[in-house]
Every structure is written in C-alpha cells, then in structure tokens.
Amino acid sequence: METSKSGSSSFPATASITYADKTVTYPVITGTEGERGIDISRLRSDTGLITVDQGYGNTGSCQSAITYIDGDQGILRYRGIPIEEFAGNPDFIEVAWLLIFGRLPTSTESTRFRARLTANAHLHEAMKHTFEGFPASAPPMAIMSAMINTLGCFHPEMYLIKDEEIFEEAAARLISKIRTIAAFTYRRVNGLPYIYPNPKLRYCDNLLHMMFSMPYDQRVADPEISLAMNLIFILHADHEQNCSTSTVRMVGSSKANLFASCAAGVCALWGPLHGGANVEVLEMLGQIHQGGLTAEKYIEMAKQKGSGTRLMGFGHRVYKNYDPRAKMLQSVCEKVLKKLNLRDPLLDIARKLEELALKDQYFIERKLYPNVDFYSGLIMRAIGIPTNMFTVMFAIGRLPGWVAHWKEQHDDANSKIARPRQIYTGPVNKHYVPMDSR
Ligand code: SDX
C-alpha cells in the first residue's frame, strides 16, 4: 500500500491549534492524490478537547488505498483506475478482485476466483427454510441482511480469517452467495419456486436466470443486458467512506466477522438518503407521471425548506459536481431502452427534472447534481427488476467494496476499535428518587 507523506512541498507539514493559553502542533498527513488531513490523535490527551463534526463531513476515519473521489472535479478511481476505463468491457468480478486485492488479477487468479464463485453459488438447503420464515411482505433488504448473517452460521470456519487463502475463499463465498440470496429473496416475496444457480452461466447471467427463469423455461439474458448489469455493479462497487462502508469498518473494527460486518452494511445502505434513494427516485418519477404534478411543480416543492420533499437522486455529500457514475448510467439507460425497444415516460420526466434543476439557482448555488441513484433505477426497471429490489442490487454491487475495506482494516496492525467521543448535554447532579416519593 502506498503510504501517505507527511506534508508536501507547497504546504506546511504541521498545523497548530491555540486554545486558552496553550498551542499544540500536529502533523499534517498528505495522501497520494494531495489530500491533506491533520492527525489529531493526541488532541484530547494534550488539551482535554475533542473535535465535534456532525455527520463527519470534515473528519477522516482512516487512510485508505482503495478508492479516490474528487468531489469538485467529479472524479472516481478504483485503485487509481478511472471508472470510465471499465466501460469498454465491463467485468464486475475482475473489478471486485481489483478492489479487494489491490491490482487486476492475472489470468490464473481470475480463473481460480471465478471457479470459487461457481463452486459457491448454491446455498445450504436448510437456508431455504429460513426464507420461508419471512412473510411475503417482508422488505427484501431486511431479508438480505438477515440471510447474510445466516450464511455465516453455515460457514463458521470463515469467522476467523487467518490467511489470504481463507480470505479469498470467504470473499468468493460472500460475493457469489449474496447474488443467490438476492434471487431467492425475489422468488420468496413473489411466491415463486427457487431457481438454482446454473454453473455454466457467468455472474450477472446467473443472477437474472435465478430471478426470472421458471423450472420449465430458462431465461437467457441478452448479452447487452448482461454487460449493462456488469457496469451497474461496477459503478456501485465502492465509494470510499460512504455511510454503509463506514458501517462495515465500524463493525469490523470490533473484530466482528466479515458476514456480520457486511450484514450491518446492508442495513445502513437501506436508508432512503443512501442506497434507498434509487427506490425514492422511481417513486418520485411515478408520482409526477401519475398526474397532478409537473416536473416544474416538483422542482418548486423540492426547493421549499420544510416541505419534506427532496429531488431524489440529486445532491451528494462529496460530489459538488456531476457524479461521474450518473453520466455513465444515463448512457447505459439510453442503450438498454433502445436494445429492449422500450420507451419509458419516466425517463422523459427524469430528463426534464435534470434539465430544470441544472439551470435553477437553488441547485446551482448548493452544487446539487444527479448522483448514482438518478438513472440506475430506470435501467433496472427496464430489465424487469421491481423497485423493491433496487437497493438489493445496489448491495450486490457494493459488496466487493465492503469486503475490500474490511480486509484493509483487518490487515492493518495499527487499526483500533472505533469509539467516537461526544459532548454530554444531559441533566447534571441528579439522584435516584424512590417510587413513593415521585
Ligand atoms: C448515495 O456517500 C456516498 O458516497 C453515497 C453514495 C455511495 O455510492 O455510497 O454515493 C450513494 O447515497 C448517493 C446519495 C443518494 N441520496 C439521495 O439522492 C437523496 C437526496 N439527496 C440528499 O438528501 C442529499 O443531497 C444528501 C443526503 C445526498 C447529501 O446531503 P448533504 O451533503 O448532507 O447536504 P444537506 O442535507 O446538508 O443539504 C445542503 C442543502 C440544504 O439546503 P439549505 O439548508 O442549504 O437551504 O442542500 C439542500 C438541503 O435542503 N439539498 C437538497 C437536496 N440535497 C440537498 N434540496 C433538494 N433536493 C435535494 N436532493
């Protein structure tokens, strides 16, 4: 792992904080892309002070070599490679290996990893009964997080990752089986028979087969659709310290196992402000399409403070420019609709919303642009994936990123259990009052 430098030629190598009659000086860490951060690990012991940063918008939790984002320029790179370079021949499994192991796989490694994925595509038969325990109305993300933890129960030997061999096997099992869990979840909530994985099919084709085939009728994915799914998963694969990945690192920091950490990541991703936004985008577009609301009206509502309405799929904590993934997904959306010979009125509405927002001062001043969720749902809808499965698809894509970050932290001899501090604002000097005196 390339290590960060302390300071850099044009910036000071230290920063000082003066409080009351004391000044303390701390090292400034500079990353390989020039990002700088003050190492305040001694702040509390030196001054008794802590920093407070609601939502951690200005706080780095770690140093990482996996993904680089430049939010102002709209840049996203996986292990230094711009995401645009994966569009030519999108191969999700190859990118998963790159994120997890830090380099593109050799042909031998690629063959070995794919063989592990094929060998691990099935679920233990007993897990089918667990699916049956959920009501058909269960939210798919609830089932997915529960079933990833259940998966761990069938692979306790993977709880303790002692070496790279066990890790590679555990990563393959999770990446392969999350896809089967997603398909079986879809079948369960729709009352359909489970379709087993076909060892002859590649990753995305097998997912679509297990979701949409019937025992008497195998679904064969169109190669273009399969490439689109690969690219969708690649574009969701990692995004540095986002809410769900930070959750995986937080849980993993207590030395919780990989399955438990990723199950927690699924729960964080579920939120409508995070991975659940792709569902909210489709609901927003559907609301406008059903009439009574125009794109212009909706934009005005989204600008009203306290209206509780947001332009879903717009805005980002880090990107203050166009999310590069949104641009790529917009072109995938056009291609898929053309390939399937579909016209989707919701796409026309999305385009109208984007056109209006990009020239509206409210959005311009706040640097609100389309993010990864703005177009992804339209593509999945065209492929026949129902809205309640959109965030499940996001989780399949994001899993290699979670595994990569979990490994990076697990392999770091200096990593500690995450334990943020707080400023207490509750009652002071209270005493217990017995019931008969209350
Ligand atoms: C993902 O972190 C990641 O990397 C996440 C992700 C990943 O790959 O893991 O990229 C995936 O989660 C993408 C984001 C998906 N969420 C949405 O699309 C939901 C809609 N967007 C927002 O709610 C919002 O933009 C956030 C949550 C994404 C970011 O919010 P911030 O940076 O905390 O900004 P904020 O809530 O402090 O808002 C700043 C201002 C406010 O107005 P003022 O108080 O200044 O008047 O911008 C406004 C907000 O009201 N604003 C919006 C808006 N987003 C922010 N107004 C209308 N519509 C929006 N979408």
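Helix α3 gives the most to the lining of the largest cavity, with four residues. Helices here are DSSP runs of H or I with at least four residues, strands are runs of E with at least two, and both are numbered from the N terminus. α2 (92-101) and α3 (107-119) each supply at least two residues of that lining. The model you are looking at is predicted, so local features need pLDDT of at least 70 and side-chain atom pairs count only at pLDDT 80 or more, while totals for chains, interfaces and linings use all residues. Residues are numbered from 1 along each chain as its sequence is written, and side-chain values use heavy atoms, with hydrogens and water left out.

**The cavity**

What is a cavity? On a 1 Å grid over the protein atoms alone, it is a set of points where a 1.4 Å probe fits but cannot get out, and lining residues have an atom within 4 Å of a point. The structure holds one cavity of 30 Å³ or more. The largest cavity has about 30 Å³ of space, a volume filled by probe spheres set on points joined across faces, edges and corners. Lining the largest cavity are I93, E94, W97, P105, E109, S110, F113 and R114. By class, four are nonpolar, one is polar and three are charged. Here Ala, Val, Leu, Ile, Met, Phe, Trp, Tyr, Cys and Pro count as nonpolar, Asp, Glu, Lys and Arg as charged, and the others, Gly among them, as polar.

**The ligand**

Now to the ligand, which 24 residues surround; the closest are H239, K305, R310, H316 and R325.

| Residue | Part of the residue | Distance to a ligand oxygen atom |
|---|---|---|
| K305 | side chain | 2.7 Å |
| G313 | backbone | 2.9 Å |
| R398 | side chain | 2.7 Å |

The protein covers 78% of the 1100 Å² of accessible area that the ligand has on its own, an area found by the Shrake-Rupley method with a 1.4 Å probe.

**A sheet**

Strands of a sheet pair through backbone hydrogen bonds, either parallel or antiparallel. Which sense applies in the open sheet β5-β6-β7? The pairing of these three strands is antiparallel. At the edges, β5 (67-70) and β7 (81-82) each pair on one side only. Strand β6 (residues 75-78) pairs with β7 over two bridges; DSSP must find at least two bridges for strands to pair. In this pairing, R77 stands opposite P82 in β7.

Technical notes: A residue is near a molecule or strand if one of its heavy atoms lies within 4 Å of it. A polar contact is a pair of N or O atoms within 3.5 Å; within protein, one must be able to donate a hydrogen and the other to accept it, and residues adjacent in sequence count only if both atoms are side-chain atoms. On a 1 Å grid over the protein atoms alone, a cavity is a set of points where a 1.4 Å probe fits but cannot get out, and a pocket is an open set with protein on both sides within 12 Å along at least five of seven lines; lining residues have an atom within 4 Å of a point.
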